[in-house]
Amino acid sequence: MRKATALLASALLMATPGLAQEAPRPDQLAFRDLYKELVETNTTLSSGSCTLAAERMAARLKAAGFADDQLTLFSTPEHPKEGGLVAVYPGTSKRAKPILLIAHIDVVEAKREDWERDPFTMVEENGYFYGRGTADDKAQAAVWIDTLIRFKQEGYKPKRTVKVALTCGEETNGAFNGAEWLAANKRDLIDAEFALNEGGGGDSDGKGKVLGQSVQVGEKTFANFRLETRNPGGHSSAPVPANAIYELSAALSKIAAYDFPLEMTDTTRRFFAEAGAARGDETGRAMVALAKDPTDKAAEAIVNKDVFLHSNLRTTCVATLLDGGHAANALPQRAGANVNCRIFPGHSIESIRDELATLIGDPGVTVTQLPPKRPAPPAPPLDPKVIGPMQTLVDKYWPGLKVVPAMANGYTDATFLGAVGIPTYGIPGMWGDPDGNGAHGLNERMEVRSVYVGRDYMYDLVKAYAGKP
């Protein structure tokens, strides 16, 4: 998934001085080697192997002193190359619940002929690491494995058990998903009070200045619906009013003209208040006004001009694929469209299907939910025990910045964990550039400083949770 923080850049306009570039420390060079191995292990669905990547990370943990019973490699016979890894670092307390660190190790497809560099060779150039997965999500996966290795090297004895789950399938809807499989089949193995995930993080101006840090708290549910119309058709020389394409077009026009009602969670209300206040422009003032009064239509009209903010306030449904007809000289017997919905927390997929059917108001248009059906868990709470340590460490690393809670318009594997009772948060730390760093696109990259500083922040954050449950 493209990082939610890239979409928040327009809303988070706080500034802080950049940190000076320094020569890498020995521990950073050791981490770089681990990160490089993970990036250079092709984990695309078409030609790669998450299983191999998981095995390589397990080998590093074993070399660091992890016992076999602390490492669980998993896959299924039907998907032998889409496996993953769960590693457990035991805590000393029998009462404190574990924390879970998750990251997906699968990546979006990348063609060598389209890239300036080999996408599966990690290159350090002009202050950036280049390669597929450097940003989404192998930097985080590498940090989690590196964190456990550092714990072993230090002889660290946390009160709380720390677990790491590296999984496959996040980038391809409908593929075997390791987080979903673990939640359904190995719930006890990943049991935790809460989990830390991708989706949060920092934004920068692209020139070394960190502008803001956010924590992802909640996300929308993903669902596809098939709209279809049918009739007997006929010869095109004798048109009739009942035309499958026209009937479908009328239905899509109603969806295009419809705005789902504005809604807010505790997270989005706080995001609009805090990020809006930081902006100081007309949109920012309208964001603050909406946080105070969601019925303020004048403020809503201003905010709706920003496509991300508009979508962050409601369920959205949009036509993404279209097909129809069977011959150039025949009336269409069938027409169909895919409508992709991103559903605001608190609504079931079935309720949105029913709302679309009611909006269309034509029994001749069928609305069918397409598999796979993802769960629709409630948003995790804005728990001070979780958010507080994030802010404390942001104060240390980026004085003056506030951790702003935000809800993602997209989705991550947090969906599957939330559905089985493990609240999951996308953490601050590493930062991206305003252009999204090429995630899901060409020449994906992460700023070297972002990776190294973010690694230190994330390590300190895990210790803050593990040492004081």
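Reply: Helices (H or I, at least four residues) and strands (E, at least two) are DSSP runs, numbered from the N terminus. This is a predicted model, in which local features need pLDDT of at least 70 and side-chain atom pairs count only at pLDDT 80 or more, while totals for chains, interfaces and linings use all residues. Residues are numbered from 1 along each chain as its sequence is written, and side-chain values use heavy atoms, with hydrogens and water left out.

Me: Which residues does the cis peptide bond with omega of about -5 degrees join?

Reply: Most residues other than glycine have a negative phi, and most peptide bonds are trans. Here the cis bond joins Pro 371 and Pro 372. Pro 372 belongs to the loop between strand S15 (366-369) and helix H12 (384-397). Another cis bond runs from Asp 136 to Asp 137, with omega near 10 degrees. Asp 137 is placed in the loop between strand S5 (128-130) and helix H4 (138-154).

Me: What is phi of Asn 126, and is Asn 437 buried or exposed?

Reply: Asn 126 has phi near 55 degrees, a positive value in a residue other than glycine. The loop between strand S4 (123-125) and S5 holds Asn 126. Asn 126 is exposed, with a relative accessible area of 66%; buried means under 20%, exposed over 50%, and partly exposed in between (1.4 Å probe, protein chains only). For Asn 437, phi is near 65 degrees, also positive in a residue other than glycine. Asn 437 sits in the loop between strand S18 (431-432) and strand S19 (445-447), and counts as buried at 3% relative accessibility.

Me: At what angle do helix H2 and helix H3 pack?

Reply: Two packed helices are described by the angle between their axes and the distance between the axes. Axes are lines fitted to C-alpha atoms, for helices over the stretch in contact, and angles run from 0 to 180 degrees between N-to-C directions. Helix H2 (residues 26-39) and helix H3 (residues 50-63) pack at about 160 degrees, with axes 9 Å apart. H2 is therefore roughly antiparallel to H3, a term for angles over 145 degrees.

Me: Which residues of H2 meet H3?

Reply: Contact means heavy atoms within 4.5 Å. Asp 33, Leu 34, Glu 37 and Leu 38 of H2 meet Ala 53, Arg 56, Met 57 and Arg 60 of H3.

Me: Where is Thr 51 placed?

Reply: Thr 51 is in helix H3 and is buried, with a relative accessible area of 13%. Not counting residues up to four places away in sequence, Thr 51 touches Ser 75, Pro 80, Lys 81, Glu 82 and Gly 83.

Technical notes: Angles under 35 degrees count as roughly parallel, over 145 as roughly antiparallel, 65 to 115 as roughly perpendicular and the rest as oblique.
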